[in-house]
Amino acid sequence: MASVFIDSRRDLRERAFQALFSLEFGGDSFKAADFAYTYDKADVKEADLPLFLLALVQGVSEYREDLDKSISQHLKAGWTLSRLTLVDKNLLRLGLYEIKYYEETPERVALNEIIEISKKYADEKSSKFINGVLSQFIAEKK
């Protein structure tokens, strides 16, 4: 990761995604966020964890059931949440959490950021799929 992006909102979103992905295999949201933030940094203490990162990881964890239900309702016929890859599922959860619950981030910014992160962790089809699903939520809010 380029040093310019360290601790930027995009960097923290990526680390939140990494923490959420690891939580698919069990664990505690705080420990997952701590590991995602500190694994490539020297001399960082738990107290130094950015609040934005913690808010994303804990928020998605707290609202996971509601997020999954909302995402499921916006999938095309024949598709279920269990059919999605873990990458797509967690990117959708993270993006939807920011769109729906994290009022400090403008909806379009949240959408664009998740699309850019998806380009790094998934393929082009996934990016388009994530854009299509999350765009529905923004259109509904208007």
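Biologist: Is Tyr63 buried, partly exposed or exposed?

Modeller: In this predicted model, Tyr63 has a relative accessible area of 29% and is partly exposed, because buried means under 20% and exposed over 50%. Tyr97, at 8% relative accessibility, counts as buried.

Biologist: Which residues lie at 27% and 3% relative accessible area?

Modeller: Phe21 is the residue at 27%, and it counts as partly exposed. Phe17 has 3% and is buried.

Biologist: How many aromatic pairs are there?

Modeller: The count is nine. The centres of two rings must lie within 6.5 Å for them to pair. Phe17 and Phe21 have ring centres 6.2 Å apart and planes at 50 degrees, so this pair is tilted. Both residues belong to helix H1 (residues 9–23), where they are four residues apart, about one turn of the helix.

Biologist: How are the rings of Tyr63 and Tyr97 arranged, and why?

Modeller: Their planes stand at 35 degrees and their centres 6.2 Å apart, so the pair is tilted. Planes under 30 degrees apart would count as stacked, and over 60 as edge-to-face. This pair links distant parts of the chain, 34 residues apart: Tyr63 is in the loop between helix H3 (51–62) and helix H4 (64–73), whereas Tyr97 is in helix H5 (residues 86–100).

Biologist: Which residues form one aromatic cluster?

Modeller: The cluster consists of Phe17, Phe21, Phe25 and Tyr121.

Biologist: Where does the charged end of Arg83 sit?

Modeller: It sits over the ring of Trp79, 3.7 Å from the ring's centre. Arg9 lies over the face of Phe52, with 3.9 Å to the ring centre.

Methods: Residues numbered from 1 in each chain as written. Predicted model: local features only at pLDDT ≥ 70, side-chain atom pairs only at ≥ 80, totals over all residues. Heavy atoms only, no water. Phe/Tyr/Trp six-rings, centres within 6.5 Å; stacked < 30°, edge-to-face > 60°. Helix = DSSP H or I, 4+ residues; strand = E, 2+ residues; numbered from the N terminus. Buried < 20%, exposed > 50% of the residue type's maximum accessible area, 1.4 Å probe, protein only. Lys NZ or Arg CZ within 6 Å of the ring centre and 35° of its normal.
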